[in-house]
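Colleague: Could you take me on a close look at the nonpolar core of this model, and then show me how the rest of the chain sits around that part? I would like one connected account, please.

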Amino acid sequence: MIKEKNIKIIDNFLDKEVFKKLQAFLLSSQCAWFYNEKIVDYTQKSFKNPYPVSLVKGYEVTDAHQFTHTFLRNQAHWSDATPHIEPLLSKINSRFWIRIKGNLSSIYSTPIVGGWHCDCETDEGTPWMDTITSIFYINTNNGSTLLENGKKISCVENRLAIFPNHMAHTGVSQTDTKIKVTLNLNYLDK
């Protein structure tokens, strides 16, 4: 486990057999993925982009698309596919789940920066301070997650990255695999 102040990275988070079963589902045609024209859609919020300038030089936002599967939204609406990720949810063992979303990025010829953001915010754009964001990596590729402090987290299958929700982050697309799949989890810790 790699640990920095407020950031934890845990490799081989799930037992290998459990992970391979979860991975097989998310990479199969059995998991429904839905097209999103933008990775971070600032027009859905009642405020302007809070990060009009890149938080890390060289990682300016590029207009891009992605596919998503929402396992939990609005803290109450669960997807029928949720049982497939239950082992992950059980091991994280949160006090309260807020949102769980799968992200699937297709390959690009150059790395694409998705958009700086905090996952859970008030209507005014203030990040929730008591919330945890975790990213679980489903396949290994040369994509990454970049945090506002410059920390770059590589996409390594069965890796869990944990950081405070109020820490802005962005996904960076891959150029070496057809797809990059991650699970984005927002919750209150125990």
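Modeller: Gladly! Helices (H or I, at least four residues) and strands (E, at least two) are DSSP runs, numbered from the N terminus. Read that way, the protein chain runs β-β-α-β-β-β-α-β-β-β-β-β-β-β along the sequence, with 2 helices and 12 strands. Please keep in mind that this is a predicted model, in which local features need pLDDT of at least 70, side-chain atom pairs count only at pLDDT 80 or more, and totals for chains, interfaces and linings use all residues. Residues are numbered from 1 along each chain as its sequence is written, and side-chain values use heavy atoms, with hydrogens and water left out.

Now to the part you asked about. A nonpolar core here is a set of buried Ala, Val, Leu, Ile, Met, Phe, Trp, Tyr and Cys residues joined through side-chain atoms within 4.5 Å. Buried means under 20% relative accessible area, exposed over 50%, and partly exposed in between (1.4 Å probe, protein chains only). The largest such core has 28 residues, and Leu 26, Leu 88, Phe 136, Leu 183 and Leu 185 have the most contacts inside it. Two or more residues come from each of helix H1 (16–26), strand E4 (66–73), helix H2 (86–92), strand E6 (96–106), strand E7 (132–137), strand E10 (159–164) and strand E12 (179–188). A second, separate core has 10 residues, including Ile 9, Tyr 137, Ile 153 and Cys 155. In soluble globular proteins, nonpolar side chains tend to be buried together.

Contact means heavy atoms within 4.5 Å. Setting aside neighbours within four places in sequence, Leu 88 touches Phe 13, Leu 14, Leu 22, Phe 136, Leu 183 and Leu 185. For the chain as a whole, take the contacts between residues at least 6 apart in sequence: 79% of them join residues at least 24 apart.

Stepping back, buried residues make up 51% of the 190 in the protein chain. The radius of gyration, taken over C-alpha atoms, is compared with a globule rule of 2.2 Å times the number of residues to the power 0.38. For 190 residues a compact globule would come out near 16 Å, and the 15 Å of the protein chain agrees with this. The C-alpha trace spans about 40 × 40 × 35 Å along its principal axes.

Asn 93, in the loop between H2 and E6, has a positive phi of about 55° although it is not a glycine. With a relative accessibility of 42%, Asn 93 counts as partly exposed. Asn 158 sits in the loop between strand E9 (152–154) and E10, and its phi is near 70°, again positive in a residue other than glycine. Asn 158 counts as buried, because its relative accessibility is 4%.

Ser 109 lies in the loop between E6 and E7 and is exposed at 73% relative accessibility. Its C-alpha atom is separated by 35 Å from that of Thr 131, 22 residues apart along the chain. Ile 7, in strand E2 (residues 7–10), is buried with a relative accessible area of 2%. The C-alpha atoms of Ile 7 and Leu 72, 65 residues apart along the chain, are 24 Å from each other.
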